[in-house]
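Grab a pencil and work through these exercises one by one. Try each task yourself before you read its solution.

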Amino acid sequence: SACTRAREAAAAEAGPQTFSCEEYARVLKTYVNEAGYVDYANLVKSRRDLDRFAARLAVLDPDSFRTWGESQQIAFWINAYNGLTLKAVVDHYPAKSIKDIGSLVTSVWDKLTFSVMGRALTLNQIEHEILRKEFTEPRIHMAINCASIGCPPLLNEPFNADTLEEQFTRVTRAFLDAPEKFRIDR
């Protein structure tokens with residue numbers, strides 16, 4: 001999976017670089033409840049795992065990443081987006097809303113940059129230039145969480161290539177079943 005190992009098929013010569021989501025998994029399990037709400041007050045006090053995950057994103061070798069299958073790449077980018085969104089909130093805690101981190105001119109999703117595989121990227125670049133542009137999977141929108149109340153709930157486990165289909169089904173159903181997040185006005 002994107003969080004535990006690169007594709008075995010690419011293990012030839014130098015072997016692929018592994019990528020672990022262990023720290024991120026601990027953050028999600030400890031600070032995100034079943035409904036997808038984050039306990040930011042306590043995450044701020046114990047942010048070491050989140051910071052380690054962000055550091056791991058920064059140094060992943062892009063050549064190794066390119067050897068992964070599509071499901072592994074999608075899971076990686078969803079986890080990167082969601083983890084870095086958590087980091088944005090934690091870095092600016094106690095902002096009342098993630099929108100308060102930005103300004104009238106530049107939203108938080110365009111203002112902050114994060115290092116992923118040595119590239120400086122905004123959250124909007126990850127969402128729109130990578131996830132939406134490179135992958136034809138509409139359920140990605142149910143998997144990414146922008147830390148706003150209207151967003152789909154944050155899954156309290158990392159996305160994983162091996163269970164991606166099941167995870168997409170769960171997050172899509174959870175979003176569509178939540179009248180405060182999705183409703184059809186007639």
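A crossing is left-handed if the near helix is turned anticlockwise from the far one by less than a right angle, and right-handed if clockwise. Keep that in mind for the helix pairs below.

Some ground rules: this is a predicted model, where local features need pLDDT of at least 70, side-chain atom pairs count only at pLDDT 80 or more, and totals for chains, interfaces and linings use all residues. Residues are numbered from 1 along each chain as its sequence is written, and side-chain values use heavy atoms, with hydrogens and water left out.

**Exercise 1. The overview**

Task: Find how many helices and strands the chain has, and what share of its residues is buried.

Solution: Start with the elements, which are DSSP runs numbered from the N terminus: helices are H or I with at least four residues, strands are E with at least two. The chain has 9 helices and 2 strands. Read from the N terminus, the order is α-α-α-α-α-α-β-β-α-α-α. Next comes burial: a residue is buried under 20% relative accessible area, exposed over 50%, and partly exposed in between (1.4 Å probe, protein chains only). Of the 186 residues in the chain, 48% are buried.

**Exercise 2. H3 against H5**

Task: Work out how H3 and H5 are oriented to each other, and which residues make the contact.

Solution: Two packed helices are described by the angle between their axes and the distance between the axes. Axes here are lines fitted to C-alpha atoms, for helices over the stretch in contact, and angles run from 0 to 180 degrees between N-to-C directions.

- Step one: the axes of H3 and H5 are 10 Å apart, at an angle of about 130 degrees.
- Step two: sort the angle, where under 35 degrees is roughly parallel, over 145 roughly antiparallel, 65 to 115 roughly perpendicular and the rest oblique. H3 and H5 are therefore oblique to each other.
- Step three: H3 passes H5 in a left-handed crossing.
- Step four: look for contacts, meaning heavy atoms within 4.5 Å. From H3 come Leu 50, Asp 51, Phe 53, Ala 54 and Leu 57, and from H5 come Phe 76, Asn 79, Ala 80, Gly 83, Leu 84, Leu 86, Lys 87 and Val 90.
- Step five: sort them by class (Ala, Val, Leu, Ile, Met, Phe, Trp, Tyr, Cys and Pro are nonpolar; Asp, Glu, Lys and Arg charged; the others, Gly among them, polar). The contact of H3 with H5 has 9 nonpolar, 2 polar and 2 charged residues.

**Exercise 3. Rings around Phe 76**

Task: Decide how the rings of Trp 68 and Trp 77 are set against Phe 76.

Solution: Rings of Phe, Tyr and Trp (its six-membered ring) pair if their centres lie within 6.5 Å; planes under 30 degrees apart are stacked, over 60 edge-to-face, and the rest tilted. This rule gives 10 aromatic pairs. For Trp 68 and Phe 76, the centres are 5.8 Å apart and the planes at 70 degrees, so the pair is edge-to-face. Both of these residues are buried. For Phe 76 and Trp 77, the centres are 5.2 Å apart and the planes at 80 degrees, so this pair is edge-to-face too. Trp 77 is buried, at 3% relative accessible area. Phe 76 and Trp 77 belong to one aromatic cluster, together with Phe 19, Tyr 24, Phe 53, Phe 65 and Trp 68.
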